[in-house]
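Thanks for coming, everyone. Today I want to talk about pockets. Have the structure open while I speak.

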Amino acid sequence: MNLKLKVWRQNGPEDKGYFMEYELKEISTDASFLEMLDVMNEQLVKIGEAAVEFDHDCREGICGACSLVINGNPHGPDGSTTTCQLHMRRFQDGDTVVIEPFRAKAFPVIKDLMVDRSAFDRIISAGGYVSTSTGSAQDANAIPIGKDKADRSFSAATCIGCGACVAVCMNASANLFVSAKLAHLSLLPQGEVEKHGRVLEMVRQMDKEGFGGCTNTGACAAACPKDISLESIAQMNRQFLIGSVLER
């Protein structure tokens, strides 16, 4: 498979970025998207050019490190798929593939396709945890939890914090990420006690980081590689309202 790549190059957050075009030949359709970028970088290094910087880690769809906008879509054209799980058989011979970093004020470009997503870490540090000592892990089924709540909490816990929801939102909102982390904790007995204080702290930190407001378009859920539901945002809004009243 032969491809033309248009890749965003940028030396740092204060520098002006630009697209560079690269020609790749005989790329295996069995290669992953990140393996294709590895091949590109090997060729760039051989001719004395700097490799293109991009985030990656587990390459198994569970760490949330890979963060590319491919032909206008965070993580590429397939639903419920991270960039590392995207394979080149999804593309056609002769295709032009445009590769950009996640774009958001709160995600400044570090270099090329790599962005700083530490804003997510600061939101978690603001309250995304259970502060009370809950002791050792209980035996299975020792704390009865309704299956509906357990399923909803587990679904929210699958959020890998990749930031695709932010990248696709026209306001660069982080509501889906924050609400997933809140739902994961507040639906279980260990995290329910602090849910009202937690939502106030995490939402306020989200606003402080410069993320925009929710657009209510659902683009975040459509782009989420883990299919996090918009229901978590509605739940977060209810908890925030109650928390604000209790705080007075």
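Start with α2. This helix gives the most to the lining of the largest pocket, with four residues. Keep in mind that we are looking at a predicted model.

How do we find pockets at all? Rolling a probe the size of a water molecule over the atoms shows where empty space is left.

So much for the idea. The volume of the largest pocket is about 190 Å³. Its lining has 13 residues. Which of them lie nearest the centre? Find Arg117, Phe120, Asp121, Ile160 and Gly161 on your screen. Two elements give two or more residues to this lining: α2 (118–127) and α5 (175–186).

Now the second largest pocket. About 150 Å³ of space lies there. This time, 15 residues form the lining. Closest to the centre of the second largest pocket are Asn73, Pro74, Gly76, Ala222 and Ala223.

Which elements supply at least two residues each to this lining? They are β4 (73–74) and α8 (219–223). The largest share comes from α8, with three residues. By type, the lining of the second largest pocket divides into eight nonpolar residues, six polar and one charged.

Let me recap. For the largest pocket, look to α2, with its four lining residues. For the second largest pocket, look to α8, with three. That's my tour.

Key:
Residues are numbered from 1 along each chain as its sequence is written. This is a predicted model: local features need pLDDT of at least 70, side-chain atom pairs count only at pLDDT 80 or more; totals for chains, interfaces and linings use all residues. Side-chain values use heavy atoms; hydrogens and water are left out. On a 1 Å grid over the protein atoms alone, a cavity is a set of points where a 1.4 Å probe fits but cannot get out, and a pocket is an open set with protein on both sides within 12 Å along at least five of seven lines; lining residues have an atom within 4 Å of a point. Grid points are joined across faces, edges and corners, and a volume is the space filled by probe spheres set on the points. Ala, Val, Leu, Ile, Met, Phe, Trp, Tyr, Cys and Pro count as nonpolar, Asp, Glu, Lys and Arg as charged, and the others, Gly among them, as polar.
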